[in-house]
Amino acid sequence: MTETVIVSIRPFLAVGISLLAAFLIMLSDKANPNVREAWTLLAAFGKFAIIASMMPFVWQGGVYEYTLFNIVEGIGFTLRTDACGMLFAGLSSFLWILTSFYSIGYMRGHHEKNQTGYFAAFAVCMSAAMGIAMAGNLVTLFIFFEILTVATYPLVAHKRNEEATFSGRKYLIYTLTSGQLFLAGIVFIYLFTGTTEFNAGGIAGLGEAAPVWVLQIMFFMLCLGGMIKAGMMPFHGWLVSAMVAPTPVSALLHAVAVVKAGAFVVLRIVGYVYGPQLLLEIHAADWLAYLAAFTIVTSSLIAMKQDNLKRRLAFSTVGQLSYVVLGTCILAPYSLVGAMFHIVAHAVMKITLFFCAGAIYVTTHKENISDMKGIGKQMPFTMTAFTIASLGIAGMPFIVGLISKFHIAAGALQMDEPIYVVVLIISALLSLSYLMPVSFNAFFKENEKGDFQKYGEARKDMLIPLCTTAVLAIILGIAPNFGLNLFDLAKTAAESITQGMIGGGW
Amino acid sequence: MSENFPILIVLLPLSAALLSPLFSYLHRDLGRWLVTLAIACSLGCSIGCLQQTLASGEAIHYWMGNWAPPLGIEFVIDPLNATVATVANFVALMGAIYGAPFLKKSSWLETGGYYTLYGLLATGLSGMIITGDVFNLYVFLEIASLSGYGLIAMGGQRSVLASFRYLLIGTIGASFYLLGVGYLYAITGTLNMADMAVRIVPLIDTPSFKIVVGLFIVGFGIKMALFPLHGWQPDSYTYAHPAAAALIAGIMGKVPIYACIRYFYFIFAASGAAIGMGLQIMGIMACCGIILGSVMAIAQKDFRRMLAYSSVAQIGYLIVGMALGNVYGLIGAVLHLINHAFMKGSLFLFIGGVQYRYGEVNIDKFGQLYRKMPIACWMFVIAALSMVGLPPTAGFFSKWYLVLGSMEAGPVGYFYIAIIIISSLLNAIYFFRVIEKIFINPDAGLKEVNPQKGKLELPWQMLLPILIMGIGILVLGLSNATIVSDVLQFALPEVLIK
């Protein structure tokens, strides 16, 4: 398939706009908070507008590309918007708008300190996520990857107490270590193939470049960066600790940008560096799939034991992200579609859940599920949204989660690996059993202490975003191409990766 | 005029340094201005030379007193040393501007004397970089060392002991170098570098030559504080005059490395078993230094001492790049030389600023410092991230080339990669620890020693260099491809290019 390429600086504008916003936010530290928040919102809308303006052309299979300068000798600082990247970019830029409104409501409702630094770091993170989505080669990707690592640190350590400091350290240890190994892997790819450009279906000549065992080790090193960011077991420790961060951070960064960036990196490496063909030959993706399957089941089991709502959601995130990795590593055309669309599906659902958790926390200061009995009567909208998203996570029809899971399962059958279908079914049941009790508690149990009477529904600026995402989860479940045509983008990307290769006699 | 640039690089700061006490006697600020101006001109000349040599594609030869080499002494400027000289003079200029507030209350003699030493240090370093004569290099080495001892001794009470210790060890190092030069002269009969490069070829396997290599490794190793010859360095960097620390830590340790590259790759053309063995030994020493230096840095409470140990580690990076013996490795080494001069200079400027305003160097007392000194702290963050090697700061890109070179070198290289990765992570530990203190820890209630009135957090003479060096790290990082393709590519020795 030949792609039409347009040389355009627009991808860089999309990345740059929030970086600029971060500076402006820092500068308006002492100004009116409204001015500061105006920058965030302007950048959020501006970013989405730029991304949206590129969408129609990408739907037709076109690509915007721009090389700003050479980042190192022989490698350009290149952003290109292929279908796979646009999927992630479109998703995060849209959700950033909602999160911005929600953040403002949360931070003000909660009277947080250091809001300026918070919003600035947030904006930098969005730039980095956008850069990861659109990076045209491994080195550009790595640069944004590390920027994301550093910019997330202040958000994790936002509360500035002992626990937050500790989580920040833990986060850095995990991510910096994997980042260094990732770098070594990139150098290897560059030295042995002479390029780091992403190529759908894999970089040509990589298979002959080195012995199989070297390729396997390097695959591990490259993926480790993504795996740790995605919180795959046994590397999920930081993600759970990082839940001390304010809830909007958990919502966007731990459900959308940071962890998804990790899963996205795995996707890029599997689909665009190694390629399914080579991976099938060297069997490097198998163990990653096993690990993902293991994570999916184990994390659900752990989630059931958590009483803290955010922690429960964190373990759910760990499991759900492994769906993406699993779908990617099954290497079948259908499962790739499923993996990519699960990035969208999980983002919409999990952001709703985190929004709800934050809304409950700010309104009632309750964090534990056992304290939330009967809360549904006071906060009906919030808890309805929560229930919709929970059902979606479990894979209820007409909610977005089913579509991606269905495709992953279909892919597993394509490759004659029915064991993964079993894993998916078990996981669906488990997620029902850890999410439904929350809703059950909220709606059908009596409020024993009677202390919810004084609280009402959440603030409007928090309620509206969370209802929007819940509605979106249903709409996308019925019409997956609603709005940004994200499902077609996933299909286009999967087709370009597999290049007509069909496994298992399908 | 422009044909005299090479000598002016050395002559201007030398004359200014010698006139500084007299001018300071006339007016207390005059000597300072004179030396600063001279270093600025010297920087201009270095840039001029760099342009000339890049434009013509040939080295510039300057015959002293028009005596033709090999009899006369000549300065030879090629893209490699023009680049190093430019960086050295740039950092020296920043340090010269930066020094003013520290000497505000001192007598004319102290100000004049300080700037004499500072000018001489700049002279010595520039001279070592651009000379084309092995004995001349020794002369400049001693000029730089002696003025360095003086500047370290000016730092305060404990600095005298540190300086004396460095004096003893440094003199031994210089003597080793001188002995090596003696051997070289005995076997080749010449002191001119270009001439020696021709004459050494048949002698490359003689025992005398092996001794020379050994003497040079020890001599330069002491001067650059290569592990385990670094004993003098932590104290010296810690107690050096805060205004001169940037130049001492940023450049003085690097010039011997440049000299090593000049000797091993240009004069000796990296041929013969002795050089190979020597480079390997240095590589191993460097690896030990990288790990040990980083671990020691983690153990320090005094910010300056932490930086000093970090220098032991960073010197190792340069040596690793040099020991790899391939194009990427050497590019990495030279690029890291430039980058590290900026990073370490920047960090010492930062701590100098804190020391000036609050008289505090203990990192445990840095709580909420960023509210009091926002610009300096943000520049510190840039430098720290660069030390860890996170993109898009300069440190990442030199690491990129070093890892690339290591990967190319095969199995030995994998070992180096492991060392570099571990070291980056250790760096991250001790720098993020400081970042944590500055941004997260509660206010430590520092008392101002030199209260700052007005909007600026430090006097402008200090703030400006901090800002320039900090932003310079980003600029260097983003323009590294240009630096490599337009400058460093032409600075590589011939042995590697073929």
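Which residues does Arg268(A) touch, not counting residues up to four places away in sequence? The first legend answers this.

The model is predicted: local features need pLDDT of at least 70, side-chain atom pairs count only at pLDDT 80 or more, and totals for chains, interfaces and linings use all residues. Residues are numbered from 1 along each chain as its sequence is written, chains are lettered from A and ligands numbered from 1 in the order in which they are written, and side-chain values use heavy atoms, with hydrogens and water left out.

View 1. Helices (H or I, at least four residues) and strands (E, at least two) are DSSP runs, numbered from the N terminus. Arg268(A) is in contact (heavy atoms within 4.5 Å) with Asp82(A), Cys84(A), Gly85(A), Ala133(A), Ala135(A), Phe198(A) and Val273(A), leaving aside residues up to four places away in sequence. With a relative accessible area of 1%, Arg268(A) is buried; buried means under 20%, exposed over 50%, and partly exposed in between (1.4 Å probe, protein chains only).

**View 2. The contact between chain A and chain B.** Each chain is represented: 32 residues come from chain A and 32 residues from chain B. One salt bridge is counted between the two chains, where a side-chain nitrogen of Lys or Arg must lie within 4 Å of a carboxyl oxygen of Asp or Glu. A salt bridge joins the side chains of Arg169(A) and Glu436(B) (2.7 Å, N to O). On the side of chain A that touches chain B, β2 (63–72), α5 (138–156) and α6 (162–193) of chain A are the elements that give two or more residues. Of these, α6(A) gives the most, with 14 residues.

**View 3. The aromatic pair of Phe219(A) and Trp287(A).** Rings of Phe, Tyr and Trp (its six-membered ring) pair if their centres lie within 6.5 Å; planes under 30 degrees apart count as stacked, over 60 as edge-to-face and the rest as tilted. This pair is edge-to-face, at 6.4 Å centre to centre with 80° between the planes. Phe219(A) lies in helix α8 (residues 212–229) and Trp287(A) in helix α12 (residues 285–305) of chain A, 68 residues apart. Phe219(A) is buried at 0% relative accessible area, whereas Trp287(A) is partly exposed at 28%.

**View 4. Phe135(B) and Tyr138(B) in helix α5 (residues 134–153) of chain B.** The two residues are three apart, about one turn of the helix. Phe135(B) is partly exposed, at 37% relative accessibility, and Tyr138(B) is buried, at 16%. Ring pairs link both into a cluster whose members include Tyr177(B), Phe209(B) and Phe268(B).
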